[in-house]
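User: I have a protein model open and I'd like to go through it with you. Can we start with the charged pairs?

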Amino acid sequence: MRTFSSLGLVALAVVGSAAAQRKPLMDYEINLDLAPEERYNALFDTEKGPQFNSTVWQFYNQYFANDPILTDVLYGLSAKRGPENDEMQGEINGLAAASGLPVEFVTSIQMMYELQTIMVPIVNFSSFPAGYEALARIPWRGPGCTGIIAIDSTDGSVNHARNLDFAPVDIMQNLVYNGIFTKGGVEVFRSQMVAGYVMAITGANFQTDNGYAIERNTRYGDHAGAFDLMIHNLIAGRDLNGWSLRKILETETEYEAAVDAIKTVGYASTEYAIVSGVRQGTIISRNPNGVAYQQTLGQPNYDERDDYIIMTNFDYFWGDVREWFDPTGGNGMFHPRRLAAQKQLNATEVLTPDALFATINNKAVLADTIFQALINVEKKVWNVSQPDLDADTADDSTPSDPVACAADVGSAATDLTKAGLGINSAVADCAATDDMTACLADIDAVAEAIAAAASDVNSAVLDCGDGQDSVCGDTIVQMVDDLADATEAIAAAAIDCQDSSARGVIKCADDVAKGTAALSKAGVDIAQAATDCASSLGLPKL
């Protein structure tokens, strides 16, 4: 087996002494001239191979071998889908044979990126499709991933920084490697890979002077029924997203052709494609059957400077409230990774590679990060490694501001009052089953008020601190769960209250009741926080 060095590997001064704490990735050649069944044998023949195999077996034994509730549904979905295309199924069969794992397990985990879209943080805006509720037991977790494409004004080139966040970290971090895909002994493309998974996650094609790099990020459904559509596409046998992207990396050598292919190929589920090229870049928010939204580097974009574009896992350009409930960043819920990254980017005049690398290693941006990349297509730089999550990283925290804290708590209380009035109105209007117009209007108003309260509480956590360091006690943090419950109930109500059947009316009333209870708990918490805050600051009670 050939060995390949990482192209343009550079030492980044920004990490200073932390450079020794980086974990380099091992390179493996994936020879596309071999039969599909033989392409991954090197993973098991080398010194690294036994670790890959034992880790995959650990994953299987820990989460699947003794969970028939999950495997019956997961393997059943895979069986309904049927075999993959001949090339992909051949690679899967080869991996199963080399590892000794059940072929139905190896086949099923190829759907992990698509099924990841079900695992919405805290708030589900749609319920699991009937019969597939057991998929909630799948062990891989996100939401994960941060991608930044930025112009370096010192030379005009474009750099692409990427974090891949995937849990369970103790397993996933030991499965990552750098795959060099070749034909005739020549590199066709390269991709960050996870052992046992045959699709590209982060890749680059450097064959021409107009090449490109692709990053995949999980994107959650943007409408009711998105999960059902994903399940439908899986059963219908539509190619998995990562396989489609891998074939684009294999066949397209020019940036424009790759972008066009990404925009038009059928997807099995929603997903973001972050694509960088020579002095250009774009972020494509994909629905299964088309493009939902596109950001273009150097053009006006929502809430971004012209010299960068950014994506984590949420449609922030449409005010996706779920971003606020993402628990994965270093500062927890109500501290979106994107905002932490943008705070650092916006404070940096020149977005050099060092500046981008510092941003993706910010404590508030790192999550369950198992892979990092800094790519420059023009210079053919492919700088990939794994972070040491136990090492000290930059901290995005700011000193508590007691006066601002009091204002935040007061604003949250006001918004919760609006939400409470709205939910009281909804209780009455949603009982009038002859016309649900007023009911749905109430629900919209409640959702808007809850979103405003979530923003206030986020500010309060920053300004007041939490736990023993808080000037207002930790009841503000307790509000996170209450607001999450309220948001989930109201999101469900927005769907169920459109159903005028007897079943729909009952579910609508139940959703509204759950929202009422959650808002009531949040109200108690904010009242206690207001009392504690006022007492600690010597201010009048709010």
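User: Take R190 and E187. Are they buried or exposed?

Analyst: R190 and E187 are both buried. This is a predicted model, so the answer is computed from predicted coordinates.

User: What do their side chains do?

Analyst: The side chains of R190 and E187 form a salt bridge, with N and O 2.9 Å apart.

User: How many salt bridges are there in the structure?

Analyst: The structure has 24 salt bridges.

User: Which residue does E250 pair with?

Analyst: E250 pairs with K183 in a salt bridge, and their closest N and O atoms are 3.0 Å apart. This pair links distant parts of the chain: E250 belongs to helix α9, residues 241-251, and K183 to strand β5, residues 176-183. The two residues are 67 residues apart.

User: Is E250 buried or exposed, and why?

Analyst: E250 counts as buried because its relative accessibility is 13%, and the cut-off for buried is under 20%.

User: And K183, how accessible is that one?

Analyst: K183 has a relative accessible area of 39%, so K183 is partly exposed.

User: Which residues do salt bridges with shared partners join into one network?

Analyst: The network consists of R39, E87, E91, K183, R246, K247 and E250.

User: Back to α9. Why is it described as largely enclosed by the rest of the structure?

Analyst: Because 9 of the 11 residues of α9 are buried.

User: Which residues are buried there?

Analyst: The buried residues of α9 are N241, G242, W243, S244, L245, R246, I248, L249 and E250.

User: What about phi at R279?

Analyst: R279 has phi near 60 degrees, which is positive in a residue other than glycine.

User: Now helices. Where is T71?

Analyst: T71 is in helix α3, which covers residues 68-81. T71 has a relative accessible area of 8%, so T71 is buried.

User: What does T71 touch?

Analyst: Leaving out residues up to four places away in sequence, T71 touches F64 and G76.

User: How do α3 and α8 cross?

Analyst: The axes of α3 and helix α8 (residues 226-236) come within 6 Å and cross at roughly 55 degrees. That angle makes α3 oblique to α8.

User: Which residues make the contact?

Analyst: From α3 the residues are L77, K80 and R81, and from α8 they are I231, N233, L234 and I235. By class, the contact has 4 nonpolar, 1 polar and 2 charged residues.

User: Last thing. What is the average pLDDT of the chain?

Analyst: The protein chain averages a pLDDT of 83, and 82% of the residues score at least 70.

User: Where is the pLDDT below 50?

Analyst: Residues 1-20 are one such stretch, and beyond near neighbours in sequence that stretch has 40 contacts in the model. Over residues 395-399 the pLDDT is also below 50, and that stretch has 10 contacts beyond near neighbours in sequence.

Definitions and conventions. Residues are numbered from 1 along each chain as its sequence is written. This is a predicted model: local features need pLDDT of at least 70, side-chain atom pairs count only at pLDDT 80 or more; totals for chains, interfaces and linings use all residues. Side-chain values use heavy atoms; hydrogens and water are left out. pLDDT is the predictor's confidence in each residue, from 0 to 100. Contact means heavy atoms within 4.5 Å. A salt bridge is a side-chain nitrogen of Lys or Arg within 4 Å of a carboxyl oxygen of Asp or Glu. Helices (H or I, at least four residues) and strands (E, at least two) are DSSP runs, numbered from the N terminus. Buried means under 20% relative accessible area, exposed over 50%, partly exposed in between (1.4 Å probe, protein chains only). Axes are lines fitted to C-alpha atoms, for helices over the stretch in contact, and angles run from 0 to 180 degrees between N-to-C directions. Angles under 35 degrees count as roughly parallel, over 145 as roughly antiparallel, 65 to 115 as roughly perpendicular and the rest as oblique. Ala, Val, Leu, Ile, Met, Phe, Trp, Tyr, Cys and Pro count as nonpolar, Asp, Glu, Lys and Arg as charged, and the others, Gly among them, as polar.
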